[in-house]
Amino acid sequence: MNWSRNLINPVLEKEFRLRMRTIRSPLAVLFYLAAMTLLALGYMYMTMSNYGNSAFNPQRSQELFYFISGAQLVLICFMVPGLTAGVISGEREKQTLNILLTTQQSSTTIILSKLFSSLSFMVVIIISTLPIYSVVFLYGGVSPVQLVSVFLFYLFMMIMLGSVGVLFSTLFKKTMIAVIMTYGYTLFICGFTGLFAIFIYSITSGTSQAAGYILGLNPLGALISILNSDFSQEVFNRQNDLQMWQIFVPFYTLVTVLVIWLSIRFLRPILKKQK
């Protein structure tokens, strides 16, 4: 028995072939790596200019790691909705969704295959940035545990945002509407939660823990808490030992499970019961 045919169903295999065999895939990786490299070199150049050094200060390698990690999170939030928001609505626009639904593949298989195939390309891009992080390890100041934790957080973010994109792609017939809704959701959790947490923190002068719980729903706040555990203590005013990523991961795990279930539920037409 061929084990690969048990793990890779026809839908997933077709998506892999279509995504990975086009010229756009290597070009996207190239442009992504070029952007990340320019950001890293630009930060190093600005650091050298601000402190009047002719060479990069190795003691600031940890700050470089923080900057690269934050920049990559922003790029993930920008790219994942575009990769996943059209996986179902695109099939509907090409009038191939009905044919796909008549196959022996279940709704769960179709949704998960579409989700994982669209995210697999993003995983390849993230792994390809490891040589950029090697610059940080060259100077030291960052442990391998931190790097693994950051990459696991990236994977969680991709699954969470991708599942929301698949849900909107299932609910809306037009890909453009699904893309707009997915980007709106991403903007809400990345922008509104951060601004609202800052507002609560400012009006309470840091005495209330509500700002910490709200910031725990923000991806950047969770990432900073992974990079620096003291950040959570400062936001919670030393009144709580809870880390922000410990709020972020369970909450959005429930969101991810819920939206995947809704995508599977609404993929096939729901027939009304006749009286």
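**A tour of the chain**

Analyst: Happy to. Let's start at one spot: S107 is in contact with I264, L267 and R268, leaving aside its neighbours within four places in sequence. Keep in mind that this is a predicted model.

User: Where is S107 found?

Analyst: S107 is found in helix α7.

User: And does S107 count as buried or exposed?

Analyst: S107 counts as buried because its relative accessibility is 11%, and the cut-off for buried is under 20%.

User: Let's zoom out. How many helices and strands does the chain have?

Analyst: The secondary structure comes to 14 helices and 0 strands. Read from the N terminus on, the elements run α-α-α-α-α-α-α-α-α-α-α-α-α-α.

User: What share of the residues is buried?

Analyst: Of the 275 residues in the chain, 43% are buried. As for the surface, the chain exposes about 15,300 Å², and carbon and sulfur atoms supply 69% of that.

User: What about contacts between residues 24 or more positions apart?

Analyst: Taking the contacts in the chain with a separation of 6 or more, residues 24 or more positions apart account for 77% of them.

User: Now the inside. How many residues does the largest nonpolar core have?

Analyst: The largest nonpolar core has 60 residues, and M122 and Y185 are those with the most contacts inside it. Helix α9, residues 144–171, gives the largest share of this core, with 14 residues. Apart from it lies another core, of 7 residues, including A197, I200, I214 and V235. As background, nonpolar side chains in soluble globular proteins tend to be buried together.

User: Which residues does M122 touch?

Analyst: Not counting residues up to four places away in sequence, M122 touches Y32, I76, M79, V80, L83 and M158.

User: How do α7 and α9 pack?

Analyst: α7 and α9 pack at an angle of about 140°, and their axes are 10 Å apart. Their crossing is right-handed.

User: Which residues of α7 and α9 meet?

Analyst: On the α7 side you'll find I111, L115, L119, M122, V123, I126 and I127. They meet F151, Y154, L155, M158, I159, G162, S163, V166 and T170 in α9. By class, this contact of α7 with α9 has 13 nonpolar, 3 polar and no charged residues.

User: Staying with α9, is L161 buried or exposed?

Analyst: L161, whose place is in helix α9, counts as buried because its relative accessibility is 0%. Setting aside residues up to four places away in sequence, L161 touches C77, V80, T84, T182, Y185, T186 and I189. L161 and Y185 are 24 residues apart along the chain, and their C-alpha atoms are separated by 8.7 Å.

User: And what about L171?

Analyst: L171 is also placed in helix α9. L171 counts as partly exposed because its relative accessible area is 43%, between the cut-offs of 20% and 50%. L171 and F266 are 95 residues apart in sequence, while their C-alpha atoms are 7.0 Å apart in space.

User: Last one: where does F116 lie?

Analyst: F116 lies in helix α7, which covers residues 107–128. F116 is partly exposed, with a relative accessible area of 43%. F116 and T84 are 32 residues apart in sequence and 9.5 Å apart in space, C-alpha to C-alpha.

Definitions and conventions:
Residues numbered from 1 in each chain as written. Predicted model: local features only at pLDDT ≥ 70, side-chain atom pairs only at ≥ 80, totals over all residues. Heavy atoms only, no water. Helix = DSSP H or I, 4+ residues; strand = E, 2+ residues; numbered from the N terminus. Buried < 20%, exposed > 50% of the residue type's maximum accessible area, 1.4 Å probe, protein only. Contact = heavy atoms within 4.5 Å. Areas by Shrake-Rupley, 256 points an atom, 1.4 Å probe, with all protein chains shown as cover. Core = buried A, V, L, I, M, F, W, Y, C linked by side-chain atoms within 4.5 Å. Axes fitted to C-alpha atoms, helices over the stretch in contact; angles between N-to-C directions. Left-handed = near helix turned anticlockwise from the far one by under 90°. Nonpolar A, V, L, I, M, F, W, Y, C, P; charged D, E, K, R; others polar.
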